[in-house]
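User: Could you take a close look at one part of this structure with me? I'd like to see how it sits among its neighbours.

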Amino acid sequence: MKTLTVYFSFTAGNTKRIAERVHSAVGDDIVRLEPMKPYPKNYAQAVSQGDDEVKRGYKPELKPLGVDLNKYDRIIIGTPTWWYHMAPVVLSFLSSNDFTGKTVIPFMTNAGWPGSAIKDMTALAKKQGAKVENGHEFRFSSNEKHYDRMETSEKELDEWIDSLK
């Protein structure tokens, strides 16, 4: 089974870290989702823009992936949780692709309440034709000095990754 790991990561890079660990364990290819127009570097501005985009259900235009999704049987998709939902970049990706015949495995990172990110990703991937399984959430510190500290145990992360092999 050929696997593509796809993720969007912004501030602390937590989603990127999980995606890279998944990729190193399951192999094949990894791609970072990037909006055509980058988010502001100023954190407060990016937070304000992200909040507005989530509330509006905005789907930003994405840069080309550089891979052909048709070549993959399984797509592992990671998102940070933005205001209890998947990031708009991931919403764009899931909304704009046909996943018929593919298995999608969603994961999300959060520093607070996980909201409906996994549920929403699952529903949208199924709507786009995917079989969805094994979604998982990973919690990180909500202390702004330690946003990169994972509170989900390493054992839980390792067990989830092992289930993907």
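Analyst: A strand here is a DSSP run of E with at least two residues, and strands are numbered from the N terminus. This is a predicted model, in which local features need pLDDT of at least 70 and side-chain atom pairs need 80 or more, while totals for chains, interfaces and linings use all residues. Residues are numbered from 1 along each chain as its sequence is written, and side-chain values use heavy atoms, without hydrogens and water.

β3 and β4 (residues 85-86) run antiparallel and are joined by 2 bridges; strands count as paired if DSSP finds at least two bridges between them. Their hairpin leaves 2 residues between the strands, and there Trp 83 takes a positive phi near 50°.

Now for the parallel partners. Strand β1 (residues 3-7) pairs with β3 in the parallel sense over 5 bridges, and Tyr 7 stands opposite Gly 78. Strand β5 (residues 103-110) also pairs with β3 in the parallel sense, over 7 bridges; Ile 76 has Ile 105 as its bridge partner there.

How many residues of β3 are buried? Buried means under 20% relative accessible area (over 50% is exposed, in between is partly exposed; 1.4 Å probe, protein chains only). In β3 (residues 74-82), 9 of the 9 residues are buried, so the strand is largely enclosed by the rest of the structure. Both faces are covered: one side has Arg 74, Ile 76, Gly 78, Pro 80 and Trp 82, and the other has Ile 75, Ile 77, Thr 79 and Thr 81.

Methods
Helix = DSSP H or I, 4+ residues; strand = E, 2+ residues; numbered from the N terminus.
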